[in-house]
Amino acid sequence: MQSKRILLIIGGGIAAYKALLLIRLLAKRGHKVRAVLTPAASQFVTALSVGSLTGDKVYQDLFSLTDEAEMGHIELSRDADLVVVAPATSDLIAKMAHGLANDLASTLLLATDKRVLLAPAMNVRMWHHPATQRNLAQLKSDGVAFVGPEKGDMACGEYGLGRLAEPESILARIEKLFAGDTSIPLPGRRDGALSGRHVLVTSGPTREPIDPVRYIANRSSGKQGHAIAAAAAAAGATVTLVSGPVALADPPGVSVRHVETAREMAAAVEQALPADVFIAAAAVADWRAASEQPEKIKKDASAAGALTLVENPDILAGVSRHASKRPALVVGFAAETNDVIAHAQAKLARKGCDLIVANDVSAAGGAMGGDSNTVHLVSAGGVVDWPTMSKDKVAAKLVAAITSLLARAERSA
Ligand SMILES: Cc1cc2nc3c(=O)[nH]c(=O)nc-3n(C[C@H](O)[C@H](O)[C@H](O)COP(=O)(O)O)c2cc1C
């Protein structure tokens, strides 16, 4: 697993000592932990113990001038791959639910643009109190994720729900997240028509190696797929974009996996499931060289005819017919040079998807690499022709169409 940066906020609960074990586990796995202690937490564990384990400064004070000079509180909240609160006290949960920011921990939690995972720990009555339950419901609908609490004997002598999840379980949840579990949305993106939805998009070409210097590819620029990912994120979705090699920046607010080959793309898509919607906009190479030559093939007559091709995995058909994780809506793209609609209708049936976005790539202005696109929406219900538009407009219109198709698909499921 790649090393990640985790901002660990330690709340003032009796279970704070377990945060020390969590830091050890994370460090053993190669992750870099930066810790924040609330004033109450420092009554339970010392900054010295925490800092010795993280090997870093421990942040405690919102108004520390040196902190602001070295690393301001906004930067601290953003310079991480994930924010973890363990133990998350009833007090921190309440502050988060109400958007309070009157100390370093709560200010960081309000300022972060990263996913947030809470590991609550408190007395069983505090946990079941209607105020805490209201706050938890609010945070869940805000997209905050939780691990635990667990049931068991409590330090206060009572029994029930409220024990901090074991550090090993917290670590497992964190690593699941980094392995592609996108069920925790990014904060601040939950007010659109697709909020709470996971949209998985593929984009760009794939590159299939022949030898160390040559590959099979195509003219796809990724502009349309990237525009769709950005439009879905703007509509409030949690978006995973699996991108082949393109000369485009990653769209903001989108979690991007960069791949080269069709097989890598298939694996990344499988890893990113489950999703509510899958949009296969990538131009995946149908074939690859049967074997990649370890050395550059020489320019001689015998090599010229020696390239044997084998078929790549069919990602769209694979997702459409997925045994356990078929998204409610599966959308394919068909780039055709002739008989566009007939080919798209055949593709719709062959792949088992719900919608094909078809375009004529032989058209003047060329959809491949260009900034505009002329598409036809082909589904079991018929064909809808859209006029030529910029790829951004096609993306926005497609996301709007998908939103209503998804609602219809779920109603009839
Ligand atoms: C001995 C002791 C143990 C406590 N344990 C917890 C606990 O497990 N969970 C919790 O939510 N609050 C617990 N509290 C109460 C918090 O420390 C208190 O609400 C504090 O304001 C939390 O501050 P913080 O949320 O900024 O860390 C405990 C208090 C004491 C004195």
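Author: Two strands are taken to pair if DSSP finds at least two bridges between them. The model discussed here is a predicted one. In it, strand E1 (residues 5-10) and strand E4 (residues 82-88) run parallel and are joined by 4 bridges. Within this pair, Ile-9 has Val-85 of E4 as its bridge partner.

E1 and E4 belong to an open sheet of 6 strands, ordered E3-E2-E1-E4-E5-E6, in which the pairing is parallel. Strand E3 (58-59) and strand E6 (145-146) each have a single partner strand, so one side of each edge strand is left without a neighbour in the sheet. Helix H1 (residues 16-28) packs on this sheet, where it touches E1, strand E2 (32-37) and E4. The direction of H1 makes about 170° with that of E1. Helix H6 (residues 104-111) also packs on the sheet, touching E1, E2, E3, E4 and strand E5 (116-120), and its direction makes about 125° with that of E2.

The ligand is surrounded by 15 residues, and the closest are Gly-12, Gly-13, Thr-38, Ala-40 and Thr-89. Helix H5 (residues 90-98) gives the most to this shell, with 3 residues. By class, the shell comprises 8 nonpolar, 6 polar and 1 charged residues.

Glu-168 has 11 other C-beta atoms within 10 Å, and a residue counts as exposed at 12 or fewer, so Glu-168 is exposed.

Another open sheet has 8 strands in the order E13-E12-E9-E14-E17-E18-E20-E21, with mixed pairing. Its edges are strand E13 (255-258) and strand E21 (382-385), each with a single partner strand, so one side of each has no neighbour in the sheet. From one strand to the next, the twist averages 15°. Strand E17 (residues 329-336) and strand E18 (residues 355-360) run parallel and are joined by 6 bridges, with Ala-334 opposite Ala-358 in E18. Helix H11 (residues 262-272) packs on this sheet against strand E9 (198-203), strand E12 (238-243) and E13, its direction making about 165° with that of E12. Helix H15 (residues 391-412) packs on the sheet too, touching strand E14 (277-280), E17, E18 and strand E20 (375-379), at about 140° to the direction of E17.

Terms used: Residues are numbered from 1 along each chain as its sequence is written. This is a predicted model: local features need pLDDT of at least 70, side-chain atom pairs count only at pLDDT 80 or more; totals for chains, interfaces and linings use all residues. Helices (H or I, at least four residues) and strands (E, at least two) are DSSP runs, numbered from the N terminus. Axes are lines fitted to C-alpha atoms, for helices over the stretch in contact, and angles run from 0 to 180 degrees between N-to-C directions. Two residues are in contact if their C-beta atoms, placed from the backbone, lie within 7 Å. A residue is near a molecule or strand if its C-beta atom, placed from the backbone, lies within 6 Å of it. Ala, Val, Leu, Ile, Met, Phe, Trp, Tyr, Cys and Pro count as nonpolar, Asp, Glu, Lys and Arg as charged, and the others, Gly among them, as polar. A residue is buried if 20 or more other C-beta atoms lie within 10 Å of its own, exposed if 12 or fewer, and partly exposed in between; C-beta atoms are placed from the backbone.
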